[in-house]
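Visitor: I'm new to this. Please walk me through this structure, starting with a term I'll need.

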Amino acid sequence: MPEPRPTPSSPADRRALGGPGVLLVVVYGVLALAATGRSVLQIGEYFSRAPLAYVLSAVAAVVYVLATWCLARGGPWVRVGIVACAVELVGVVVVGLASLLVPSAFPDKTVWSHFGQGYGFVPLVLPVLGLLWFRRVERAAAGATVETTAPTAD
Amino acid sequence: MIAWLTYVVVGLSVLLCLAAVWYAVRDRLIDDRLLVVAGLLELALVVLLVTGLVGLGHITDSAERATFVAYLVSLPVIPPGTAFLAIKEKSRWAMGSIAVGAFAVGVMSARLLQIWMSYA
């Protein structure tokens, strides 16, 4: 038996990292990178082809970058992260529906088209996981503030 | 060139992913051996990036080219990023970071090749 390691981080500092959160950071990070890169090229090279789709792609990219940052930083960013994930969830559902109902408005695909089908529905699942994770971090932090009176460095 | 480079990348990413899962099961932290595999993958990705950018004219459709370039540039960021997270994270989940990252590299490079091949 390997000897037990000390727990990675105390919940008191509301770190979103530590434990399963690190996986979310990776998945969000990859999506943020790919979405940002694609969006920059779409807008830079042929924006007029499908302005609405490309603006939405850019919004999605910014939200993914923000959510990745919040997940990695934790602390005061947890609240921001919750908003980012909520925007994402609304975005993927609304754009997903719109792309099915009014396909003519989307001559080219966005990350959120057809509920993120082009990305293996990861964009649909991810905000839900993100929200669940942020809530867990919030709860752990709330519990820790009640228990301990020691000052916590941020 | 792109084709066999991608095969090398996919092979290395599968290897890295499986190794990371194995480490996680054994509850081992990141070590030099795993970092060497990640380093080799990174090297292959940088070569793929340069080769892909040089041969970019091959892809005539601009939308496909945008996806191609975005993936090409994103890929080399992933192994160092996940390795960095894995070094900071001192739990079993650290290996999850490497495994998920390696999986993403495999999928994205396969998609790259798919785009490339459609313009053969």
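Guide: A residue is buried if 20 or more other C-beta atoms lie within 10 Å of its own, exposed if 12 or fewer, and partly exposed in between; C-beta atoms are placed from the backbone. In chain A, which has 154 residues, 42% are buried. This is a predicted model: local features need pLDDT of at least 70, side-chain atom pairs count only at pLDDT 80 or more, and totals for chains, interfaces and linings use all residues. Residues are numbered from 1 along each chain as its sequence is written, while chains are lettered from A and ligands numbered from 1 in the order in which they are written.

Visitor: How many helices and strands does chain A have?

Guide: Chain A has 4 helices and 0 strands. From the N terminus, its order is α-α-α-α. Helices (H or I, at least four residues) and strands (E, at least two) are DSSP runs, numbered from the N terminus.

Visitor: Where does UniProt put the "transmembrane region" feature?

Guide: The unreviewed UniProt entry places it at residues 21-40, 52-71, 78-102 and 114-134 of chain A. UniProt positions use the numbering here, feature names are shortened, and annotations may be inferred rather than shown by experiment.

Visitor: How far apart are the ends of 78-102?

Guide: Its end C-alpha atoms in chain A lie 35 Å apart. That span is 96% helix and 0% strand. For residues 114-134 of chain A, the end C-alpha atoms are 26 Å apart. There the span is 62% helix and 0% strand.

Visitor: What about the loop between α3 and α4 of chain A? Which residue there has a phi of about 50°?

Guide: His114(A), which sits in that loop between α3 (77-101) and α4 (122-147). Its phi is positive, although it is not a glycine. His114(A) is partly exposed because it has 19 C-beta neighbours inside 10 Å.
Phe115(A) is in the loop between α3 and α4 too. Its phi is near 55°, again positive in a residue other than glycine. With 18 C-beta neighbours inside 10 Å, Phe115(A) counts as partly exposed.

Visitor: New topic. At what angle do α1(A) and α2(A) pack?

Guide: About 150°, with the axes 8 Å apart. Helix α1 covers residues 21-46 and helix α2 covers residues 51-73. Axes are lines fitted to C-alpha atoms, for helices over the stretch in contact, and angles run from 0 to 180 degrees between N-to-C directions.

Visitor: Why call them roughly antiparallel?

Guide: Angles over 145 degrees count as roughly antiparallel, under 35 as roughly parallel, 65 to 115 as roughly perpendicular and the rest as oblique. So α1(A) and α2(A) are roughly antiparallel. Their crossing is left-handed. The near helix is then turned anticlockwise from the far one by less than a right angle; clockwise would be right-handed. The residues of this contact between α1(A) and α2(A) divide into 16 nonpolar, 7 polar and 1 charged. Ala, Val, Leu, Ile, Met, Phe, Trp, Tyr, Cys and Pro count as nonpolar, Asp, Glu, Lys and Arg as charged, and the others, Gly among them, as polar.

Visitor: How do α1(A) and α3(B) cross?

Guide: Their axes come within 8 Å and cross at roughly 140°. That makes α1(A) oblique to α3(B). The crossing of α1(A) and α3(B) is right-handed.

Visitor: Which residues meet there?

Guide: In α1(A), they include Leu33(A), Gly37(A), Arg38(A) and Glu45(A). In α3(B), they include Ser62(B), Ala66(B), Tyr71(B) and Ser74(B). The residues of this contact between α1(A) and α3(B) divide into 9 nonpolar, 5 polar and 2 charged.

Visitor: Last one. How far apart are Leu129(A) and Val25(A)?

Guide: They are 104 residues apart in sequence and 11 Å apart in space, C-alpha to C-alpha. Leu129(A) lies in helix α4 of chain A. It counts as partly exposed because it has 16 C-beta neighbours inside 10 Å.

Conventions:
Two residues are in contact if their C-beta atoms, placed from the backbone, lie within 7 Å.
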